[in-house]
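Trainee: I would like to go through the terms used for this model and set each one against its cut-off.

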Amino acid sequence: MKPNILFLIIDCLRADKFPRKNQNNYSPNISSLMQNGILFSNTISSANATILSWSSIFTSKFPFKTGIRSSRFNKLNSNIVTSFDILKNNNYTFYGYLPKLSETVDLFPKFENEDYLYDFFSGLSNGLGEKIITKIDFNLPTPWFFLVHSMDLHQPISVSKKFDITKFGTSSYERKVSEIDFWIGKIIKKIDLKNTILIITSDHGDYIKSANIANKELDFNQNYNRQFILSKITKRTPKFLEPLKDKIFLAVDKQNKTRKSKILHDLDLRDYEKRAIIAGKADKDHFLFDELIKVPLLILGPQIPKNLLFNQQIRTVDIFPTLFDFLGLKFQSDIDGINLMPLINGENMQEQPAYIESNPLVLTESNDVIGIRTSKYKYFRDKNDPSKRIHLFNLKTDPYEETNLSSETELIKKFEEILISLLGDYSEKISQNTSESDEIEQELRKLGYV
């Protein structure tokens with residue numbers, strides 16, 4: 001009998017904030033799990049937002065090959081084989097809890113539990129955690145695949161009173177990680193790791209909008225209660241008023257950026273700290289800094305080695321090819337991900353460049369970028385014009401990506417050639433379905449994406 005699989009995606013969880021020794025959060029459960037599995041600390045997501053990241057993780061293809069992304073959003077191409085298809089053919093049944101947004105892209109399988117969709121503002125501490133525990137405790141028929149996508153770290157962050165103290169971190173983000181750890185502890189008590197593979201990862205990272213000034217936390221995070229009320233109001237907004245609502249939102253976002261810039265002007269902060277705080281939801285210029293695309297990946301379970309840490313760069317497209325090796329399965333179609341078993345077994349394995357792309361805005365046209373990342377360099381540029389918005393960073397000497405080496409023409413030429421080879425001719429094959437795009441973008445509006 002094949003093992004069960006619990007696949008936990010924590011939205012916006014950054015690799016540098018995943019619990020480690022001497023880090024400023026309290027996370028005994030994740031720390032214990034790390035001793036019993038494999039942690040890949042340098043995992044790169046294909047995109048800086050959820051839909052495109054989902055498309056890549058669950059197909060092991062770069063997002064632009066799935067049909068989900070064109071000039072707007074589409075549903076998954078019907079000829080794409082997903083990881084769920086392969087698991088279904090091997091008698092897995094599916095359970096899960098996903099934000100309502102997941103319904104729009106035709107990526108996910110039929111879940112056995114009818115309550116698998118939850119509201120954007122639902123979290124582990126206000127109902128979702130208990131639902132997961134109750135369902136897992138229901139003696140599910142094996143083998144099962146249980147998928148959970150937690151929005152707890154997505155802005156706006158709400159920290160329970162118990163965890164909203166310095167013991168659990170200096171910022172709301174760190175404290176929420178500690179709270180998530182508490183719920184992970186409760187969930188894993190309900191599963192038998194002797195016959196269950198557990199995977200914890202993230203779809204993408206996020207900017208942390210706080211900084212420590214003279215031992216005082218300066219917090220620019222969105223107010224959870226205010227955003228919750230606004231979401232209820234905007235969901236009831238008549239369609240003919242949406243243009244006005246969008247205009248107001250964009251104006252407010254611009255005012256907030258100006259206000260924050262004035263506050264930060266005289267503060268002793270690094271450039272990367274200031275850009276994280278100032279960044280707005282409606283910014284037209286998009287970037288692919290590591291805060292947004294570098295995520296953790298933890299795998300443990302039967303036959304999986306214990307207490308291994310790999311700092312070598314891998315990619316989220318590599319997750320399912322590696323998982324399938326443990327299960328004795330494989331993709332029959334071309335994929336971009338690779339099986340990491342040679343690396344796990346101690347063999348030398350050549351690092352693969354990670355393709356990365358930014359997520360487009362919904363309310364207005366954005367200046368999106370595409371690029372590649374290696375362990376030494378990050379290169380990205382305008383999605384449509386290779387000569388515009390060129391960024392090159394030496395990640396070894398400049399880990400916070402504060403010095404743009406855009407004048408290094410030879411290096412840029414080298415990385416552009418690698419990028420072009422990864423793109424192939426797929427960019428010319430993407431079709432556009434207007435009705436599908438409208439449906440997806442309408443749901444994104446409801447959830448506060450812009």
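Trainee: Which residues lie nearest the centre of the second largest pocket, and how many residues line it?

Mentor: Arg-14, Asp-16, Tyr-272, Glu-291 and Tyr-400 lie nearest the centre, and the lining has 32 residues. Keep in mind that this is a predicted model, in which local features need pLDDT of at least 70 and side-chain atom pairs count only at pLDDT 80 or more, while totals for chains, interfaces and linings use all residues. Residues are numbered from 1 along each chain as its sequence is written, and side-chain values use heavy atoms, with hydrogens and water left out.

Trainee: What makes a set of points a pocket, and what makes a residue part of the lining?

Mentor: The points lie on a 1 Å grid over the protein atoms alone; a pocket is an open set with protein on both sides within 12 Å along at least five of seven lines, whereas a cavity is a set where a 1.4 Å probe fits but cannot get out. A lining residue has an atom within 4 Å of a point. Points are joined across faces, edges and corners, and the volume is the space filled by probe spheres set on them; for the second largest pocket this is about 900 Å³.

Trainee: Which element gives the most to the lining of the second largest pocket?

Mentor: Helix H8 does, with four residues. Strand E2 (38-44), strand E7 (210-213), H8 (271-278) and helix H9 (290-293) each supply at least two. The protein has 13 helices and 15 strands.

Trainee: Why is Ile-293 called buried?

Mentor: Buried means under 20% relative accessible area, exposed over 50%, and partly exposed in between, with a 1.4 Å probe and protein chains only. Ile-293, in H9, has 0% and therefore counts as buried. Lys-75, in the loop between H2 and H3, also counts as buried, at 17%. Buried residues make up 56% of the 450 residues in the protein.

Trainee: What is Lys-75 in contact with?

Mentor: Contact means heavy atoms within 4.5 Å. Not counting residues up to four places away in sequence, the partners of Lys-75 include Thr-104, Asp-106, Glu-436 and Glu-439. Lys-75 and Glu-436 are 361 residues apart in sequence, with 6.6 Å between their C-alpha atoms.

Trainee: What makes Phe-64 and Tyr-355 an edge-to-face pair?

Mentor: Rings of Phe, Tyr and Trp (its six-membered ring) pair if their centres lie within 6.5 Å; planes under 30 degrees apart are stacked, over 60 edge-to-face, and the rest tilted. Here the centres are 4.9 Å apart and the planes 75° apart, which gives an edge-to-face pair. Phe-64 lies in the loop between H2 (50-57) and H3 (83-89) and Tyr-355 in strand E12 (354-357), so the pair ties together parts 291 residues apart in sequence. By this rule there are 33 aromatic pairs.

Trainee: How do you know that the charged end of Arg-389 sits over the ring of Phe-287?

Mentor: The rule asks for NZ of Lys or CZ of Arg within 6 Å of the ring centre and within 35 degrees of the ring normal. Arg-389 is 5.0 Å from the centre of the Phe-287 ring and is listed as sitting over it.

Trainee: Which residues have the most contacts inside the largest nonpolar core?

Mentor: A nonpolar core is a set of buried Ala, Val, Leu, Ile, Met, Phe, Trp, Tyr and Cys residues joined through side-chain atoms within 4.5 Å. In the largest, with 51 residues, they are Phe-7, Phe-40, Phe-58, Leu-87, Phe-145, Leu-147 and Phe-320. Its largest share, five residues, comes from H10. A second, separate core of 43 residues includes Tyr-95 and Trp-144.

Trainee: What makes helix H10 (residues 319-327) mostly covered?

Mentor: Seven of its nine residues are buried, among them Phe-320, Leu-323 and Phe-324.
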